[in-house]
Amino acid sequence: MAFSKLAGLLSGLVRTGDWNRGDVSTGRHHYDPTQPRVPAGNSDGGQWTAGGWRSERASALDGEVLSDATPDNEWRPGARYASRRRAPPSDPTTPGQAVRLATANARARDSIGEVQKREPNWQPAPFVSNTVEGQIAGLQARAREAEARLQELVRHGIGPGPFACDWIPAPIGRRLNSAERAEINRTGDLWGCHTCGARNPGTASGTWFGDHQHPTAMSFLFRRGQRIYPHCRSCSGRQGGWITQWMLRLKGTQK
Amino acid sequence: MTRSIRIAPPNSYILVADVLRHDQLPDFTTQARIDGTKFCVAVGCEVDLDGETDITIGPAPDVDPGNRPVFDTILETPNRKVTVWTIEIEKLLEEKVATGRTRVRIWGNRPEFPDRVVIGLG
């Protein structure tokens, strides 16, 4: 069509307002302006349809019950309700991640177990993660926290120390007799302080401190009996301060 | 009034305080084996294997042995009392005082590992 003819047709349309007419020259409609069209999103979207549009699915469901809601409960169809099932990790686990996860889990379990041998009620801070990497990081953090706590306990003489060798069973309901005191002093002279390894007890008399393990203040956490190891002056004092602080954290300020 | 007890305290330490707070504890590792904060004084006693320690608390004029105290401080005593505790938070002795802050003097019969400790109040 020549450009001049097209321009003429357009100008005629604008002038007469007959936008919907199929044939401008005759003024006759080729379609019904009220005829419905299939909505977008359907396979035949945009096409004219003979009657009121209904989806194939809706047609197929003619005569079926569309809702399974029952009138005798408060469940609302389509609503989301809490589930006890935890959402699965959003990212898939690779073989490498599985190895790292198992390693982190073993390290955390072992470290926490070592701490709880000395302080049975100790627990690391909890963590929550829905990703594999998050779980690995959380387990590694728990292991680090447990390892730091273990170092603190060992440094403060909670639990037999790295230099612990000989010991005597702690008597119940009485003080040590002379033979038991002599044995602690012999052990201390032979092996040194069980916590720091010092060979000198640091006392004027040369006597070692008798260190109860587990500490008596923590007895309610243990089922086994106590042992007595030799302790030097510094380690005994450091342990005393730690136990006082631990007891006060447990019981609160004392008045 | 004067009170006394004879004991071999755990870790050979006693604490002198009205209120014990975990963030107001003295240093237990000083060379002198005696140290204090404004709430608490830690006093080293005889080594447990060597024997027990006599601990006495009372008004300073009544218990002053006449020599120079090994420690002299002012303690906060909001509950108007001074208590002697073990490090395991067991009360050994307690004495009432008149004011919210109390001068506390500690005497020992030896510079280190005393087997006789006297606590004078006021």
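**Where chains A and B meet**

Let's start at B:L20, which touches A:L248, A:T253, A:Q254, B:L15, B:L25, B:C40, B:W85 and B:I89, leaving aside residues up to four places away in sequence; contact here means heavy atoms within 4.5 Å. This is a predicted model, where local features need pLDDT of at least 70, side-chain atom pairs count only at pLDDT 80 or more, and totals for chains, interfaces and linings use all residues. Residues are numbered from 1 along each chain as its sequence is written, and side-chain values use heavy atoms, without hydrogens and water.

B:L20 is also among the residues with the most contacts inside the largest nonpolar core, alongside A:W242, A:I243 and B:L15; this core has 25 residues. Such a core is a set of buried Ala, Val, Leu, Ile, Met, Phe, Trp, Tyr and Cys residues joined through side-chain atoms within 4.5 Å, with buried meaning under 20% relative accessible area (1.4 Å probe, protein chains only). α6(A) gives the most to this core, with five residues.

Now step back to the whole interface. Here 32 residues of chain B are in contact with 33 residues of chain A. Together the two chains bury about 2,500 Å², 60% of it on carbon and sulfur atoms; buried area is the accessible area (1.4 Å probe) lost on putting two parts together, summed over both.

And the charged groups? Across this interface the rule finds one salt bridge, that is, a side-chain nitrogen of Lys or Arg within 4 Å of a carboxyl oxygen of Asp or Glu. A:R233 forms a salt bridge with B:E112, their closest N and O atoms being 2.6 Å apart.

How values were computed:
Chains lettered and ligands numbered in written order. Buried < 20%, exposed > 50% of the residue type's maximum accessible area, 1.4 Å probe, protein only. Helix = DSSP H or I, 4+ residues; strand = E, 2+ residues; numbered from the N terminus.
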